[in-house]
Amino acid sequence: MPLVIFDCDGVLVDSEPISNRILAADITAAGWPMTTAECIERFKGARLTVVQATVEKRIGDRLGDAWLNDHYERIFEAFRAEIKPIPGAREVLENLSDSEIPFCVASQGPVRKMQITLGATGMWPLVDGHVYSATMVERPKPAPDLFLYAAAAEGYLTDDCIVVEDSATGVKAAVAAQMRVIGFAADDTDAPALADAGAQSIISDINMLMPLL
């Protein structure tokens, strides 16, 4: 059986609208006016340390050492109140578990963030002990480091891994790791970017995953 590696945000939990709304507000407050839609287009799939560096370069000033922590706290508060699972995601994880198909989660975000989002949506017990963050490796996506790390930790070769990603950044990372990639495009307008990045299959509903494994 292959190892299925899930991205978290936008694949298992519907966190992107929340996190990008708050990120756009914080970037705007820092001096770079930005809408939520612009934030998604520019930074989807990016690690927040990279976002911070980009904003600092744009505004010509440092945001300060506390900016990232303060930003995370605002996001975490919103997640606790608003986060919802991607429709069908929990059932897919349960089906994989029942079918004894191994899976894990590999996300740009810190483990604490995943504990909150996956915990609030009831999925944390299904993935506990099999969660990997870009904070664990030297280079975040689109470098292959995180996916290679997750595969090694789970005891799998890259040829035996299938990655489920919703961002071009994540797809590129999986391709660089020489893994099969299924692009998840809940919004059909995202499908061309995922295909261009190298996704071999595109699904618009997470329930479409099982027949592809």
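**A walk from the surface to the inside**

E100 is exposed: its relative accessible area is 69% (exposed means over 50%, buried under 20%, partly exposed in between, with a 1.4 Å probe and protein chains only). The model is predicted, so local features need pLDDT of at least 70 and side-chain atom pairs pLDDT 80 or more, while totals for chains, interfaces and linings use all residues. Numbering runs from 1 along each chain as its sequence is written, and side-chain values use heavy atoms, without hydrogens or water.

Stay with E100. It sits in the loop between α5 (89–98) and β2 (103–107) (helices are DSSP runs of H or I, at least four residues; strands are runs of E, at least two; both are numbered from the N terminus). Its phi is positive, about 60 degrees, although E100 is not a glycine.

Another loop joins β3 (131–133) to α8 (145–154), and P142 lies in it. The peptide bond from K141 to P142 is cis, with omega near 20 degrees.

Now follow α1 (16–30). Its 15 residues, at 1.5 Å each, should span 21 Å, and its end C-alpha atoms are 21 Å apart, so the two agree (the expected span is 1.5 Å times one less than the number of residues). Its buried residues are E16, I18, S19, N20, I22, L23, A24, D26 and I27. These pack against α2 (36–43), α3 and α4. Just after α1 comes G31, with a positive phi of about 120 degrees.

Next, the inside. The largest nonpolar core has 49 residues (a core is a set of buried Ala, Val, Leu, Ile, Met, Phe, Trp, Tyr and Cys joined through side-chain atoms within 4.5 Å). F6, L12 and L118 have the most contacts inside this core. α4 gives the most to the core, seven residues. Take L118 as an example. Beyond its neighbours within four places in sequence, L118 is in contact (heavy atoms within 4.5 Å) with C8, L12, V13, M123, W124 and V127. A separate core has 24 residues, including V137, A150, A177 and A199.

Where is empty space left? Rolling a probe the size of a water molecule over the atoms shows this. On a 1 Å grid over the protein atoms alone, a 1.4 Å probe fits in a cavity but cannot get out; a pocket is open, with protein on both sides within 12 Å along at least five of seven lines; lining residues have an atom within 4 Å of a point. Points join across faces, edges and corners, and volume is the space filled by probe spheres set on them.

The structure has one cavity of 30 Å³ or more. The largest cavity has a volume of about 330 Å³. Its lining has 24 residues, with D9, E16, G45, A46 and K113 nearest the centre. α1 supplies the largest share, four residues.

The largest pocket has a volume of about 580 Å³. Of its 26 lining residues, I40, K44, D166, D187 and D190 are closest to the centre. α1, α2, α9 and α10 (191–197) each give two or more residues to the lining. α2 gives the most, four residues.
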